[in-house]
Amino acid sequence: MDNSLNKIQVGVKENILQFSLLVVINLFVGSMVGLERTILPIIGEEQFGLASTSAALSFIISFGFSKAIVNFFAGDLADRIGRKHVLLLGWAIGLSVPLLVIFAQAWWVIVFANVLLGINQALTWSMTVNMKVDLAKPTQRGLAVGFNEFAGYIGVALMAVISGYVASTYSLSPEPFYIGIAIVIIGFILSLFVKNTDKHVKAQAKNETQQLAENLSTKEVFNRTTWKNKNLASGSFAGLTTNLKDGMAWGLFPIFFSAGGLSVGQIGTVVAVYPAAWGFFQLFTGVLSDRIGRKWLITSGMWLQALSLWLILLVNSYSMWLTGALLLGIGTAMVYPTIMASISDVAHPDWRATSMGVYRFWRDSGYAFGALLAGLIADMLGVSWSIGLVALMPLLAGLLTAMRMDETLKK
């Protein structure tokens, strides 16, 4: 046994500088999404003659599928070559995203840039969360994931506002994407100062009481996380349905609220309240899961998402739609960091990053599946029916976790 492992300290307080640096880095990771999410639909409509809904749909699908697929490989790659190398690779790929958008002469180039953005997000965001979990004690995993997701979504929100201001002051391109180049450079430089957490993983593995079944193959970890292990599989399905709902909301909420008579400014406010609440409340829900457990926070969060969508359908006033959007964000925040903390509870440290990658593969594929499913139902039955039927998915996921999932937090 490596004697140096005895000197490794696990815990957020014990690794506060490293932990804080990773929080800051994920702020920049999220900023890349905020930059793209605000401006690309407008560019598609004004510069390439696409309907804004079509532009948004193609963005969601290309981003969702590429991020989901690379999430799967990122976890396995991290277990093989180390977290820091994967993090730096993600930033290197991210540099091409703003450059491609600046020089794009056809819409397919924009779509390809979004594929690369998905790869960038999969590699960088996956590593920041894995490295925070590596540093944290088992009873701090909710806190670690909560801080990671909070920082990322604050980055999304801030850059959405900043890029929108720059675009309205100057032009849609290239000025906002100069910021994107700066984000990548700063993120890469900050990541150079990150220390690899491989020894923290080994230290946790040494103290892990759970029996490891030899060296699990990637296929076996995939099977366990997808269907074999009831706790991992329940979390994967809950994550998929959460982002499936978000893919639907992303594409259909503006259309629904516009038909309800809201102004563009009011629509922007309602649509912004949902991810803002999602990001802010994760700061608290992750820590809460370390105190009260994972199972019922996930279950109640899934049910709150379903009920919030149905509330939005049933009411017909600006204030109540704001309330529904707020509750939807809170429900998502209850689930998002808690599932990842639960995955970390169950998966052995030696294959935890791979299992987390499988989970994030299923979770983020929900973006694309949600956009496709919501669009199909909306075309056949209408937008309201699409929102209402999609809400059944988080309801079912909550029932599954209530009946099948064990409490995974072991104190």
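The model is predicted, so local features need pLDDT of at least 70 and side-chain atom pairs count only at pLDDT 80 or more, while totals for chains, interfaces and linings use all residues. Residues are numbered from 1 along each chain as its sequence is written, and side-chain values use heavy atoms, with hydrogens and water left out.

The protein chain has 16 helices and zero strands. Both are DSSP runs numbered from the N terminus: helices are H or I of at least four residues, strands E of at least two. The radius of gyration of the protein chain is 20 Å, close to the 22 Å from the globule rule for 411 residues, so the chain is as compact as a globular protein of that length. This radius is taken over C-alpha atoms, and the rule is 2.2 Å times the number of residues to the power 0.38. The C-alpha trace spans about 65 × 45 × 35 Å along its principal axes. Of the 411 residues, 56% count as buried, meaning under 20% relative accessible area with a 1.4 Å probe, protein chains only. Among contacts (heavy atoms within 4.5 Å) with a separation of 6 or more, 86% come from residues 24 or more positions apart.

Helix 6 (residues 141-169) packs on helix 13 (residues 318-346) at an angle of about 140°, with the axes 8 Å apart. Axes are lines fitted to C-alpha atoms, for helices over the stretch in contact, and angles run from 0 to 180 degrees between N-to-C directions. Helix 6 is therefore oblique to helix 13; angles under 35 degrees count as roughly parallel, over 145 as roughly antiparallel, 65 to 115 as roughly perpendicular and the rest as oblique. Helix 6 contributes Arg141, Gly142, Val145, Gly146, Glu149 and Tyr153 to the contact, and helix 13 contributes Tyr336, Pro337, Met340, Ala341, Ser344 and Asp345. Six of these residues are nonpolar, three polar and three charged. Here Ala, Val, Leu, Ile, Met, Phe, Trp, Tyr, Cys and Pro count as nonpolar, Asp, Glu, Lys and Arg as charged, and the others, Gly among them, as polar.

Helix 15 (residues 383-390) and helix 16 (residues 392-404) cross at roughly 5°, and their axes come within 4 Å. Helix 15 is therefore roughly parallel to helix 16. Gly388, Leu389 and Val390 of helix 15 meet Leu392, Met393 and Pro394 of helix 16. This contact has five nonpolar residues, one polar and no charged.

A cis peptide bond joins Ser173 and Pro174, with omega about 15°. Pro174 lies in the loop between helix 6 and helix 7 (175-192).

Definitions and conventions: Buried < 20%, exposed > 50% of the residue type's maximum accessible area, 1.4 Å probe, protein only.
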